[in-house]
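Dear colleague,

Please find the structure below. My notes on it follow.

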Amino acid sequence: GLLLRHMLAQRSAKYARWPSSAEIFLPGGAPPRVGEIFVQADLARSLRYMADEEAAALARGADRAGGLEAARSAFYRGDIARAIVRFHEQEGGWLSAADLENYHSPVERAVSVRFAGTDVYTCGPWCQGPVLGQALNILDARALIDAGHNSPAYLHNIIEALKLAFADREAFYGDPDQVDVPMAA
């Protein structure tokens with residue numbers, strides 16, 4: 001809550017530029033207060049529409065891949081795509097229906113680590129997802145428990161592990177199609 005409010009407050013002038021963004025991110029003209037319910041109704045409707053399209057495809061006998069393709073089509077070729085393109089056209093943007101229709105996200109295996117008996121999955125090194133896994137690989141779960149939640153030693157260990165993992169992010173992460181990312185290391 002506090003981080004979200006801070007980030008929205010920092011960027012409030014940008015959100016205020018478009019009434020549709022201000023309505024969501026600056027309800028009543030200001031960022032939501034900490035503890036206030038933050039509603040993104042349009043996003044919820046979009047996700048529901050995509051899930052419904054997937055369910056309809058599965059009900060027609062599609063397999064999981066077919067269901068995912070139906071959800072993808074709902075976003076990149078359907079009503080959602082038309083709304084996105086209409087907004088860009090109104091605002092002088094360059095995104096076209098063909099841009100959306102021709103875009104395909106690759107499906108890849110998630111990066112994972114095991115920490116304290118739990119498998120933790122993240123996105124790949126094209127984002128900062130593996131930072132979490134690296135930090136967890138550095139940490140000792142038993143030592144954290146023994147230190148006590150949020151004690152100085154507990155926080156120090158987490159902070160230092162994150163500092164090391166973020167340093168690797170800065171030095172090595174990138175789009176694996178463009179740079180050699182030493183994930184195994």
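In which loop does A116 lie? A116 is in the loop between strand 1 and strand 2 (118-122), where helices (H or I, at least four residues) and strands (E, at least two) are DSSP runs numbered from the N terminus.

Please note that this is a predicted model, in which local features need pLDDT of at least 70 and side-chain atom pairs count only at pLDDT 80 or more, while totals for chains, interfaces and linings use all residues. Residues are numbered from 1 along each chain as its sequence is written, and side-chain values use heavy atoms, with hydrogens and water left out.

A116 is not a glycine, yet has a positive phi of about 50°. With a relative accessibility of 58%, A116 counts as exposed (over 50% relative accessible area; buried is under 20% and partly exposed in between, with a 1.4 Å probe and protein chains only). N150, also not a glycine, has a positive phi of about 65° and lies in the loop between helix 9 (141-147) and helix 10.

The largest nonpolar core has 12 residues, including V113, F115, L136 and Y173; such a core is a set of buried Ala, Val, Leu, Ile, Met, Phe, Trp, Tyr and Cys residues joined through side-chain atoms within 4.5 Å. Strand 1 (111-115), helix 8 (130-138) and helix 10 (152-172) each supply at least two of its residues.
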